[in-house]
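Dear colleague,

I am passing a structure on to you, and below it you will find an account of what turned up when I went through it. Please read the account with the structure open beside it.

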Amino acid sequence: MKKIIFILSIIFAFSAYCQAQFPKPKKPEPTKSTKQKKETTVPLGKSESDDYIALVRGVKDWGYVDKTGNAVINLQFDDARSFSNGYARVKKMNSWGYIDLKGTYVINPQFERVEDFSEGLARVVKFKKWGFIEKSGTFTINPQFSDAEDFSGGLARVKMGTQWGLIDSKGAFVVNPQFAELGGFVDALARARVGKQWGYIESSGKWVINPQFDDAEDFHDGLARVRKGTKWGYIDETGIFSINPQFEGVGDFYNGLARAKAMKQWGYIDKKGGWAVNPQFDNAEDFTEGLARVRKGKDWGFIGTEGTYVINPQFADAENFNDGLARVKTGTQWGFINKKGGYVINPQFDAAKNFRNGFAVVRKGPKWGFINPEGDIVIGYLYNEADDFTK
């Protein structure tokens with residue numbers, strides 16, 4: 001028994017010695033100074049706020065910046081285009097390929113020309129012929145066409161020799177090449193030309209409106225503008241004239257009004273062909289966002305649908321309203337106005353583009369930069385070329 005007590009006393013003494021030499025660490029008090037902040041580093045190809053990035057060109061090479069102006073994809077390409085649905089077209093060593101938002105090649109440069117993806121396929125040129133690839137970069141439709149357009153509604157316009165036809169997504173001809181010109185389908189009809197005459201076909205290639213016009217445009221608001229001789233009029237989807245050819249020039253109908261020219265002056269007509277706004281302008285454009293830009297003499301202004309000036313003619317140049325703002329030029333400088341004609345951003349730029357995704361591209365001298373809707377320079381004048389923020 002004494003032996004056991006002796007052994008236990010030795011173990012206890014040794015344990016006390018170890019605790020004295022190696023004390024158990026204390027937990028720190030939860031003070032603000034000991035809390036760690038989350039890292040805010042941005043991975044390559046990602047913007048701090050979102051995935052929108054802008055195409056820019058330095059002295060020679062192209063790359064992409066985020067909304068803080070940081071280069072997320074370094075300037076390295078011989079040519080490039082803005083992002084569309086997560087892919088961008090870039091050129092290196094005379095060949096085009098595709099990159100993702102991180103700047104990684106998803107399709108290596110290998111084509112003579114490329115376009116954006118549409119309905120899962122992109123038209124590209126290889127050996128001077130157009131074909132279509134999928135997003136893996138493999139040809140779904142081999143290069144064989146002298147020209148081609150994007151897929152829309154499951155069909156693509158392609159040209160064999162001098163004639164246009166329609167193919168499906170497998171490359172099979174739905175409509176054999178037979179048209180000298182072929183437009184896209186709008187309201188299930190596409191304008192087509194054989195010889196010198198235009199008509200309209202359906203997706204099977206059947207003529208819905210026989211070739212009979214000297215010129216023709218797409219349908220808008222149920223009507224299409226067509227020309228017979230030197231005069232323009234409008235037809236409905238059966239090919240019957242809703243407004244007989246009588247105008248020197250016309251625009252498309254939007255919200256029931258179209259610009260039209262008579263006796264060298266522009267006005268606006270309704271769908272019956274009557275003048276809603278009498279011809280009185282030296283130039284006129286379509287209505288957008290409820291206003292149309294018109295020119296009297298050298299100055300541009302904006303009218304409402306009644307034909308009265310909402311913003312008097314005063315600008316050397318002007319563009320249509322976009323998201324409530326319009327670019328206008330006073331003297332040699334561009335600025336932005338609201339729908340009351342008040343300057344939101346004073347004229348100060350040698351050139352400017354519309355606002356898109358929160359920023360506008362503007363130029364002073366030879367260099368381009370970016371402004372916010374308040375007119376503040378958020379990315380300085382650093383680039384020889386620049387384009388909108390996209391993703």
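Strand E30 (residues 299–303) and strand E31 (residues 309–315) run antiparallel and are joined by 3 bridges, where strands are DSSP runs of at least two residues (E) and helices runs of at least four (H or I), both numbered from the N terminus, and where two strands pair if DSSP finds at least two bridges between them. Phe302 stands opposite Ile311 in E31, and the hairpin of E30 and E31 has 5 residues between the strands, with Gly307 taking a positive phi near 95 degrees. E30 also pairs with strand E29 (residues 292–296), in the antiparallel sense and over 5 bridges. Here Lys296 stands opposite Asp299 in E30, and the hairpin has 2 residues between its strands, with Gly297 at a positive phi near 65 degrees. E30 is mostly covered, since 4 of its 5 residues are buried; buried means under 20% relative accessible area, exposed over 50%, and partly exposed in between, with a 1.4 Å probe and protein chains only.

Before going further, please note that this is a predicted model, in which local features need pLDDT of at least 70 and side-chain atom pairs count only at pLDDT 80 or more, while totals for chains, interfaces and linings use all residues. Residues are numbered from 1 along each chain as its sequence is written, and side-chain values use heavy atoms, with hydrogens and water left out.

As for the protein as a whole, there are 1 helix and 40 strands, and buried residues make up 39% of its 391 residues. The protein exposes about 21200 Å², of which carbon and sulfur atoms supply 50%, the areas coming from the Shrake-Rupley method with a 1.4 Å probe and, for residues, with only the protein chains shown counted as cover.

Ile337 stands opposite Tyr343 in E35, and of the 5 residues between E34 and E35, Gly341 in the turn has a positive phi of about 90 degrees.

There is also an open sheet of 4 strands in the order E20-E21-E22-E23, with antiparallel pairing. Its edge strands are strand E20 (215–220) and E23, each of which pairs on one side only. Within this sheet, E22 and E23 pair over 3 bridges, and Ile235 stands opposite Phe241 in E23.

The aromatic residues deserve a separate paragraph. The structure holds 18 aromatic pairs, counted when the ring centres of Phe, Tyr and Trp (its six-membered ring) lie within 6.5 Å, with planes under 30 degrees apart called stacked, over 60 edge-to-face and the rest tilted. One of them is the edge-to-face pair of Tyr234 and Phe253, at 4.8 Å centre to centre and with 65 degrees between the planes. Tyr234 lies in strand E22 (residues 231–235) and Phe253 in the loop between strand E24 (249–250) and strand E25 (258–262), so this pair ties together parts that are 19 residues apart in sequence. Both Tyr234 and Phe253 are buried. Phe247 and Trp275 form an edge-to-face pair as well, at 5.7 Å centre to centre and with 85 degrees between the planes. This pair links distant parts of the chain, with Phe247 in strand E23 (residues 241–247) and Trp275 in strand E27 (residues 275–281), 28 residues apart. Phe247 counts as buried at 2% relative accessibility, whereas Trp275 is partly exposed, with a relative accessible area of 32%. Elsewhere, Tyr87, Tyr98 and Phe117 form one aromatic cluster.

Asp116 is found in the loop between strand E8 (113–114) and strand E9 (122–126), and it counts as partly exposed at 23% relative accessibility. The C-alpha atoms of Asp116 and Tyr98 are separated by 9.2 Å, and the two residues are 18 residues apart along the chain. Leaving aside its neighbours within four places in sequence, Asp116 is in contact (heavy atoms within 4.5 Å) with Ser84, Arg89, Leu121, Ala122 and Asp150.

With best regards
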